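Have a look at the structure first, then read on.

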Amino acid sequence: MPAPNGGPAPAGAGQPNVVLFLRDLTSARRLETMRVDFVANASHELRTPLASLVGFIETLQGPARNDTSARERFLAIMLSQAQRMTRLIDDLLSLSRIELREHVVPTQVVDLGPIARQMVETQSALASERGVRIAFEAEAGRYPVLGERDELMRVVENLVENAVKYGGGTVRVGLARAQDDRRGAAQIELVVQDDGPGIAPEHIPRLTERFYRVDVASSRQQGGTGLGLAIVKHTLNRHRGRLTIESTVDAGTTVRVSLPAQEDGPP
Ligand code: ADP
């Protein structure tokens with residue numbers, strides 16, 4: 001390409017602008033595709049229980065009008081479908097609320113210790129119904145991080161619930177003050193480990209995508225929406241935290257969350 005003054009063009013002159021423009025276009029297209037996919041997936045996820053509700057209502061108005069036992073069964077299914085839609089809408093709203101504030105770093109110091117302990121207690125009932133034991137391990141002391149209490153509760157709840165639902169056996173939840181990260185900042189690390197069936201490696205990079213599930217039927221059966229880990233990821237982005245998932249098929253899954261540790265204030 002000739003230079004504007006007619007002299008020889010330096011190697012690569014003009015290239016970066018063109019490349020940048022193409023890149024912008026590509027990323028704009030990618031964002032648009034993601035948005036369209038998201039709307040299509042969300043609509044599909046809502047449409048499925050809705051179609052089932054309509055089907056049962058029509059049956060109850062028609063062929064099963066006078067069948068008392070069918071009515072009871074159908075009403076129970078209809079209730080669970082309506083609850084599924086409620087869960088999905090709640091998760092969609094949580095995700096969009098978190099995304100809106102993703103660039104706003106929380107300013108309050110909270111202690112992750114009581115949050116983790118409380119969520120482990122909350123999940124223990126669900127766990128024992130399924131024959132799963134949850135063990136909580138943390139050295140005494142505080143685990144201060146900058147954070148939004150409710151959002152961090154949701155992160156711990158999601159990870160422990162996943163370990164109970166998809167993992168099983170014994171679920172170990174641990175809190176530790178970790179080594180400094182590469183930038184020299186001290187970290188607080190939450191580890192949730194199960195000895196369940198594990199996750200094949202090809203799924204792991206996609207787990208935090210919205211609606212991505214390893215086994216859709218099993219997630220639905222467990223009441224999952226496919227949005228849990230997406231919510232975790234965006235919450236951690238806001239908290240300047242990091243999520244890592246390691247898994248071995250037939251051995252179990254370990255999920256680690258690291259958050260920058262804060263100076264401890266008065267208890
Ligand atoms: P869901 O609402 O389906 O639970 P998540 O985003 O929380 O959605 O998780 C996505 C998928 O990751 C789950 O559907 C499940 O297939 C898989 N998964 C998550 N945690 C585990 C785990 N501890 N062991 C095995 N699979 C898991």
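By class, the lining of the second largest cavity has eight nonpolar, no polar and no charged residues (Ala, Val, Leu, Ile, Met, Phe, Trp, Tyr, Cys and Pro count as nonpolar, Asp, Glu, Lys and Arg as charged, and the others, Gly among them, as polar). Keep in mind that this is a predicted model, where local features need pLDDT of at least 70, side-chain atom pairs count only at pLDDT 80 or more, and totals for chains, interfaces and linings use all residues. Residues are numbered from 1 along each chain as its sequence is written, and side-chain values use heavy atoms, with hydrogens and water left out.

**Cavities**

- On a 1 Å grid over the protein atoms alone, a cavity is a set of points where a 1.4 Å probe fits but cannot get out, and lining residues have an atom within 4 Å of a point.
- By that rule there are two cavities of 30 Å³ or more; a volume is the space filled by probe spheres set on the points, which are joined across faces, edges and corners.
- The second largest cavity holds about 30 Å³ of space, and its lining is Leu112, Leu152, Val155, Val156, Leu190, Leu236, Val257 and Leu259.
- α4 and β7 are the elements that give two or more residues to that lining (helices are DSSP runs of H or I, at least four residues, and strands are runs of E, at least two, numbered from the N terminus).
- With three residues, α4 gives the most to the lining of the second largest cavity.
- The largest cavity comes to about 40 Å³, and Glu45, Arg84, Leu88, Arg213, Arg220, Gly224 and Thr225 line it.
- Its lining counts one nonpolar, two polar and four charged residues.

**The largest pocket**

- A pocket is an open set of grid points with protein on both sides within 12 Å along at least five of seven lines.
- The largest pocket has about 800 Å³ of space, and Asn158, Asn162, Lys165, Tyr166 and Leu229 are the closest to its centre among 35 lining residues.
- α4 gives the most to this lining, with 10 residues.
- The lining splits into 13 nonpolar, 12 polar and 10 charged residues.

**The ligand**

- Where does the ligand sit? The ligand is in the largest pocket, going by the rule that more than half of its atoms lie within 2 Å of the grid points.
- Its shell has 17 residues, of which Tyr166, Ser219, Thr225, Gly226 and Leu229 come nearest (near means a heavy atom within 4 Å).
- α4 (149–167) and α6 (228–238) each supply at least two shell residues, and the largest share, four residues, comes from α4.
- Seven nonpolar, seven polar and three charged residues make up the shell.
- For polar contacts (pairs of N or O atoms within 3.5 Å), a ligand nitrogen is 2.9 Å from a side-chain N or O atom of Asp194.
- A ligand oxygen is 2.8 Å from a backbone N or O atom of Leu229, and a polar backbone atom of Gly228 is 3.4 Å from an oxygen atom of the ligand.
- The protein covers 94% of the 540 Å² of accessible area that the ligand has on its own (Shrake-Rupley method, 1.4 Å probe).

**The second largest pocket**

- About 370 Å³ of space lies here, with 14 lining residues; Met34, Asp37, Phe38, Glu209 and Arg210 lie nearest the centre.
- α1 (15–61) provides the largest share of the lining, five residues.
- Four nonpolar, three polar and seven charged residues form this lining.

Methods: A polar contact is a pair of N or O atoms within 3.5 Å; within protein, one must be able to donate a hydrogen and the other to accept it, and residues adjacent in sequence count only if both atoms are side-chain atoms.
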